[in-house]
Amino acid sequence: MKRVEHLMGTTISLDVPGAPDALGDDLVAWFREVDDRFSTYKSDSEVSTYAGAPSPLMKEVLDRCATLWTQTSGYFDIHATGALDPSGFVKGWSVQVASDRLLAAGYGDHCVNAGGDICVRGRSASGAPWRIGVRHPWIEDQLCCVITGTDLAVATSGVYERGHHVVDPFTAKPPSGLRSVTVVGPDLGDADAYATAALAMGTAGLAWLGTLSGYESAVVTDDRRLFHSPGLPLADG
Amino acid sequence: MRRVILSVTGLVAGTTLLISLKSAPGANRTPQQIEEDAARVAALEAAAAASASPTPVPSGPGQTPKPPGQTPTPGRTAGPGSPTKPPTNPAPTTTTKKPTPPGTGPIMGDSVFTEFGYVQVAIKVSKGKITDVIAIELPADEPRSITLSERAGPILRERALAAQSADIDSVSGATWTSEAYRTSLQSALDKAGLG
């Protein structure tokens, strides 16, 4: 089953070898629910109308974001722009939930990509481990590295993106120093938030990423240097 | 006095070590110790220069111990008030790492980034153990004096930034808008898969 849907202000690509098309409907329904609840662009969404009485899903998101705020020394801040905006976590988290549901339903081979945040498990239809390219931060149709594996969550945050602006919560200004941050690890919600936080830290984010346990990273700086953690599963070593 | 702790990884199989850079080496080191530091660094540099070709010391601009325009010794004597080397901020370079035979000359490490700036060091290995460290690239306000310390966690390594196309299943990138998606590599992949 392969499917592409435009939802959550982005594009979701599903690739589940051997799965029936109906499975795609269930996943799309999930992403639609996430969009209805967490979109900052919808005036009637729960996030837009939030007044302190969270739904179970909202409570889960707010709790996770509070933990991430602490883990990132305040650099992952869902209040950084003033209004409540957990988008930097919700996109990755919603893909992780979809991937977990696929696994629970017996589809251990899949790739779910929402706007560049990816969960892969098992193998692709070719029978090989999944291969994830990281977009080159200056050349849209080229890659700067390729990551491979059978159980990966890959999130990228970058200043070249449009439609979502990362700000340094301590200055309320766009950060500088890092062009693109990719974080790879067991959970896409956390990876997404870590990538956003490192980008907000600027060049200090490079040293901070090196301190993360269980999460690997690849970073391209504004002065065009590529750094990666020693354990990053690069396809070319 | 400020101390900067750096770690160096991947130089010898599985080895990580901490290096402490003292920002004011004269503050609590005796003149004799400072002279010993300077002599030690000078000796290692001489050894590095002498063994440059047979050992895996790359020749890229970012890994030249003395950048053009810098006088050879004063910046490295580590005395109080001595000038410090400006940070070289070179074009992306690659490093070569090979298994380390016992007793070889200094081996260049990866350039890494710390909260204080880019840092690159070379190590001297004897009988499989790291015996000394030379600073190749340091933040502008950090002087030469380096001491080995205990082990630490991993930090990021540098590799050359190159544009590539490859056979992939999916693309990770900061592509939030559907508008951006339409012109993206992921869009091309999806079209190929759905067509």
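Tutor: Happy to! Keep in mind that this is a predicted model. Let's look at helix 4 of chain A, residues 87-104, together with helix 5 of chain A, residues 188-201: their axes come within 7 Å and cross at roughly 155°. Angles over 145 degrees count as roughly antiparallel, and therefore helix 4 of chain A and helix 5 of chain A are roughly antiparallel to each other. The crossing of helix 4 of chain A past helix 5 of chain A is right-handed.

Which residues make this contact? On the side of helix 4 of chain A, they are Gly88(A), Phe89(A), Lys91(A), Gly92(A), Trp93(A), Val95(A) and Gln96(A). Helix 5 of chain A brings Leu188(A), Gly189(A), Ala191(A), Asp192(A), Ala193(A) and Thr196(A). Sorted by class, the contact between helix 4 of chain A and helix 5 of chain A holds 6 nonpolar, 5 polar and 2 charged residues.

Now for helix 4 of chain A by itself. You can check its length: at 1.5 Å a residue, its 18 residues should span 26 Å, and the end C-alpha atoms are 25 Å apart, which agrees. Is helix 4 of chain A mostly covered or mostly uncovered? Mostly covered, since 14 of its 18 residues are buried. Finally, follow the chain past the end of the helix: helix 4 of chain A is followed by Gly106(A), which has a positive phi, near 95°.

Notes. Residues numbered from 1 in each chain as written. Chains lettered and ligands numbered in written order. Predicted model: local features only at pLDDT ≥ 70, side-chain atom pairs only at ≥ 80, totals over all residues. Axes fitted to C-alpha atoms, helices over the stretch in contact; angles between N-to-C directions. Helix = DSSP H or I, 4+ residues; strand = E, 2+ residues; numbered from the N terminus. Parallel < 35°, antiparallel > 145°, perpendicular 65-115°, else oblique. Left-handed = near helix turned anticlockwise from the far one by under 90°. Contact = placed C-beta atoms within 7 Å. Nonpolar A, V, L, I, M, F, W, Y, C, P; charged D, E, K, R; others polar. Expected span 1.5 Å × (residues − 1). Buried ≥ 20, exposed ≤ 12 C-beta atoms within 10 Å, placed from the backbone.
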